[in-house]
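Subject: Structure for you to look at

Hello,

Here is the structure I promised to pass on. Please open it next to the sequence; my notes follow below.

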Amino acid sequence: MIRRIYKLCLAGSCLLLWNCNQATVDEAAVSEAEEAAIEDTSTASSAPVVEEKTDTTLQEIEEITLRATGNTLEEIAFSEDTLEVKAMSLVKLTFINEGVDMPMVHNVVFTTPDKYKQVAVAGEKLGASGNYVPEMPAVIAASPMVLPGQTIEMEFTAPTKPGAYNFVCTYPDHWQRMHGILLVK
Ligand SMILES: [Cu+2]
């Protein structure tokens, strides 16, 4: 009887040992994978860190004001046809909605060159649930929707590459009259 219990114990401890070995092997595999993941992350994040260094302290600030005027679909317009900013500058935009009545809701969306119509049409399709601003690479920066009489302030970094970019209001049927050029110098 005692011998039998001993045998059982031996078998049990063997099983335990085997389990332990398995666990050790698995842990090693996991930590190797983790190390690889950490290495990957560090390599990937090293590039943007260098970029940040170039524009935080020396970034120029451009303060600009844009107004949305008019109180009907036939009148609506942006107060400026062209906004001019320096490449890579920090743009601080004050956007004033001078509309009075409720349908005069506006936003200002900055886009890559000649993409304002495409962005506005996609925004229109997206509708109110998406705030009329599509998630597209052509969108550089976008304000929230601004109600009649409201003023908002927003900030974004101007594109690195000089050129004639655009800005547009993506509220349905506004882009035809409400668009302009963001001249990046
Ligand atoms: Cu508008």
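Start with glycine 180, which sits in strand β9. Keep in mind that this is a predicted model.

Is glycine 180 buried or exposed? Glycine 180 is buried, because 20 other C-beta atoms lie within 10 Å and 20 or more is the cut-off for that label. Its contacts beyond four places in sequence are Phe78, Glu80, Asp81, Thr82, Leu83, Asn166 and Phe167.

Now the whole chain. There are two helices and nine strands. Reading from the N terminus, the order is α-β-β-β-β-β-α-β-β-β-β. The chain has 185 residues, and 23% of them count as buried. Of the contacts with a separation of 6 or more, 71% join residues 24 or more positions apart.

Next, the core. The largest nonpolar core holds 29 residues. Those touching the most other members are Val109, Phe167, Val168, Cys169 and Leu182. At least two core residues come from each of β3 (82-85), β4 (90-97), β5 (109-111), α2 (116-126), β6 (139-142), β8 (163-168) and β9 (179-184). In soluble globular proteins, nonpolar side chains tend to be buried together.

Which residues does valine 109 touch, leaving out those up to four places away in sequence? They are Val119, Val133, Val139, Ala142, Phe167, Val168 and Thr170. Phe167 is also on the contact list of glycine 180.

Best wishes

Notes. Residues numbered from 1 in each chain as written. Predicted model: local features only at pLDDT ≥ 70, side-chain atom pairs only at ≥ 80, totals over all residues. Helix = DSSP H or I, 4+ residues; strand = E, 2+ residues; numbered from the N terminus. Buried ≥ 20, exposed ≤ 12 C-beta atoms within 10 Å, placed from the backbone. Contact = placed C-beta atoms within 7 Å. Core = buried A, V, L, I, M, F, W, Y, C linked by C-beta atoms within 7 Å.
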